Amino acid sequence: LRSGAASDPMIAPAGVLRAVAVLASYVAIAGAYTHPLLARLTDGVANDRYDPVLNASILWWNATTLPFTPTWWTPPHYYPNVGIAAFTENLVGLSVISSPVAWATGNAVLAYNATVFLSWPLSAFTVYLLALRIGASGSAAFLGGIAFGFAPYRISQMAHVQVLSGYWLALALAGLHGYLAERRRRWLVLFGIGWLLQSLTNGYFMLYG
């Protein structure tokens, strides 16, 4: 993520391999940290059956109905009321992860659980990239990713996939830092994409962003 393609540690082959190894490490840590989630991906939900089931239904609705169309705004909740999608988080920013799983498997629970699980390593990994962007060493960036992605307070939000998923905001911040350093439009594009997806994931984080 640093300037200069020839010397960029995230573009050079060694940097790419290092990033893959870091991501794999975070995935492994997440597997242990969220146990037994991986063993119940297809038939259970983390935490209780209230918000997780609601969020699973929202992600399934996003996968089976084109977001922001008139039909999408009125999911089958609180029938016969209309516009119900405006009453809660729409989770469209998570659909880039959940919808392909839903399309491939036809399993709404698996799509939801995969999104919950990936929120842990992705949160850690995007902060790792952000830390590299602002000049941290590889070791410091790795520890920074762990500190953010696996902070104990996140456990209390296991029922709220939208709160667990703060990784788009880290990418948005990386985009801002990149633009300040290089003044290249690609960094503004990264910021815009990160902020938009984060806003479509969590309304609170939209305001933070």
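Reader: How do the axes of helix α4 (residues 108–133) and helix α7 (residues 167–182) meet?

Author: Those two axes come within 8 Å and cross at roughly 15°. Axes are lines fitted to C-alpha atoms, for helices over the stretch in contact, and angles run from 0 to 180 degrees between N-to-C directions. The angle makes α4 roughly parallel to α7, a term for angles under 35 degrees. This is a predicted model, where local features need pLDDT of at least 70, side-chain atom pairs count only at pLDDT 80 or more, and totals for chains, interfaces and linings use all residues. Residues are numbered from 1 along each chain as its sequence is written, and side-chain values use heavy atoms, with hydrogens and water left out.

Reader: Which residues of α4 and α7 make the contact?

Author: Contact means heavy atoms within 4.5 Å. From α4, the residues include Ser119, Leu122 and Val127; from α7, they include Tyr167, Ala170 and His177. The residues of this contact divide into nine nonpolar, five polar and two charged. Here Ala, Val, Leu, Ile, Met, Phe, Trp, Tyr, Cys and Pro count as nonpolar, Asp, Glu, Lys and Arg as charged, and the others, Gly among them, as polar.

Reader: How many helices and strands are there in the protein?

Author: Helices (H or I, at least four residues) and strands (E, at least two) are DSSP runs, numbered from the N terminus. This protein has nine helices and zero strands. Its radius of gyration is 18 Å, close to the 17 Å that the globule rule gives for 209 residues, so the protein is as compact as a globular protein of that length. That radius is taken over C-alpha atoms, and the rule is 2.2 Å times the number of residues to the power 0.38.

Reader: What should I look for in the loops?

Author: Now look at the loop between α2 and α3 (95–105), where Pro80 lies. The peptide bond from Tyr79 to Pro80 is cis, with omega near 10°. Tyr78 is in the loop between α2 and α3 too, and has a positive phi of about 60° although it is not a glycine.

Reader: Is Tyr78 buried or exposed?

Author: Buried means under 20% relative accessible area, exposed over 50%, partly exposed in between (1.4 Å probe, protein chains only). Tyr78 has 63% relative accessibility, so it counts as exposed.

Key: Parallel < 35°, antiparallel > 145°, perpendicular 65-115°, else oblique.
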